[in-house]
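Open the model in your viewer and get ready to click along. We will take it one selection at a time.

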Amino acid sequence: VKGDLGRSWSWAAALFWGALLPGAAWAAGGGHHEDVNWTELGFAFFNFAVFVGGLVFLLRKPLREFLSHRRATLEENIQEGARLRTEAEAELNELKARLSNLDRERDEIFARYREEGELERARILKRAQETAEAMRREIRHRLEQEARSLRRELLKTAVDSALRNAEEILRAELTAQDRVRLADDYIEKLKTLSRPTVHS
Amino acid sequence: MPEGSLARRYAKAFLEITTRAGVVDPVGKDLLQLAEIFEQSRELRVALENPAIDRASRKAVLAEVLRRQGANPETRRLVEVLVDRDRLGVLRQIAQAYGSLADERAGRVRAEVISAERLDEARLGQIQRALERVTGKRVVIEHGEDPALLAGVVSRIGSWVYDGSLRSQMAQLRDTLLAE
């Protein structure tokens, strides 16, 4: 479009100079006469009309194209501007809305944090209670085991001590008759044994 | 070859010889006595097992020991075989295996009867008859004493034990009290 317009302007300039030169020649020749020379004036008007007609003829198409292109560009720019404006307005509205909701969001965040904190506290408390309960059970179990072991040890000590005493008493007080009687009891029991119990 | 198996082979061969000679039990007794002396006298063991001392000398020492022991002549011949073959180290096992084989062949078993104090012959006889009735075999009693039993008697035939000692009754009482 620009190339066409440039060419058209070159042609227009040529026409301009073509139309002005005869007039200039006329003015140089006898322009100082006070009487109007209607022929020359008509010739000048004709020249001007030819110049204007040539201009219209030459510039019509590129000018139309230029203007059409210019209009399309302007329309696009206007549309783009409108779109950007719409987006900016939407963003502005969103920001306004967010600004207006900021307090509410802050309160919500605080409330959420508080709630999570409460839950975490409850979880920690529950875990601590479970750990404490497990430790109590373990300690109780160990204490019971220890007590059983001690009872058993005590019983063993008492029984061994009692048997040692009993043995000492037996050694001191068993008479020959007692030993004979025990040997006789043994023999009597031996006599009652059944055959299959012995495997030599 | 394991010592048990080796001892049993010698014992079997000895028993064949002593059976033919009719001296099974005296030789068995001699072998046990000699094993006892051999174990108790370190000097005798060193002298009889020392390869630096020639066999004739070792046999002479052994003959003197057996003479003092009053052993059967057959015993001396058998023990000399052990000297020749350097088998005196397993004399105890041979004596025991010989005793077992002799008992088995004679249809008898040996019963070890232990009491806190020595039992009289009458009671030992009663125990012997009771054990013969239980085993269905002729029983040879080997009586021993162990004051640790406190009182009562323990009879042992092979792996079978019949324990009537006061010591074992106290042990049972202890187990019962501790089991509760």
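## Two helices in chain B

In this predicted model, α2(B) and α3(B) are roughly perpendicular to each other. To see this, select residues 24-40 of chain B for helix α2 and residues 42-49 of chain B for helix α3. Their axes cross at roughly 100° and come within 5 Å.

On α2(B), pick B:I37, B:F38, B:E39 and B:Q40. Their partners on α3(B) are B:R42, B:L44, B:R45, B:L48 and B:E49. Colour this contact of α2(B) with α3(B) by class, and you will find four nonpolar residues, four charged ones and one polar one.

## Where chain A meets chain B

Now bring both chains into view. Chain A gives 29 residues to the contact, and chain B gives 36 residues. Together the two chains bury about 2,900 Å², with 65% of that on carbon and sulfur atoms.

How many salt bridges cross the interface of chain A and chain B? The rule finds four. To visit one of them, select A:R179 and B:E117: their closest N and O atoms are 3.6 Å apart. Between chain A and chain B there are also nine residue pairs in polar contact.

For a last stop, stay on the side of chain A that touches chain B. Helices α2 (38-173) and α3 (176-191) of chain A each supply at least two of its residues. By class, this side of chain A has 14 nonpolar, ten charged and five polar residues.

Conventions:
Residues are numbered from 1 along each chain as its sequence is written. Chains are lettered from A and ligands numbered from 1 in the order in which they are written. This is a predicted model: local features need pLDDT of at least 70, side-chain atom pairs count only at pLDDT 80 or more; totals for chains, interfaces and linings use all residues. Side-chain values use heavy atoms; hydrogens and water are left out. Contact means heavy atoms within 4.5 Å. Buried area is the accessible area (1.4 Å probe) that two parts lose on being put together, summed over both. A salt bridge is a side-chain nitrogen of Lys or Arg within 4 Å of a carboxyl oxygen of Asp or Glu. A polar contact is a pair of N or O atoms within 3.5 Å; within protein, one must be able to donate a hydrogen and the other to accept it, and residues adjacent in sequence count only if both atoms are side-chain atoms. Helices (H or I, at least four residues) and strands (E, at least two) are DSSP runs, numbered from the N terminus. Ala, Val, Leu, Ile, Met, Phe, Trp, Tyr, Cys and Pro count as nonpolar, Asp, Glu, Lys and Arg as charged, and the others, Gly among them, as polar. Axes are lines fitted to C-alpha atoms, for helices over the stretch in contact, and angles run from 0 to 180 degrees between N-to-C directions. Angles under 35 degrees count as roughly parallel, over 145 as roughly antiparallel, 65 to 115 as roughly perpendicular and the rest as oblique.
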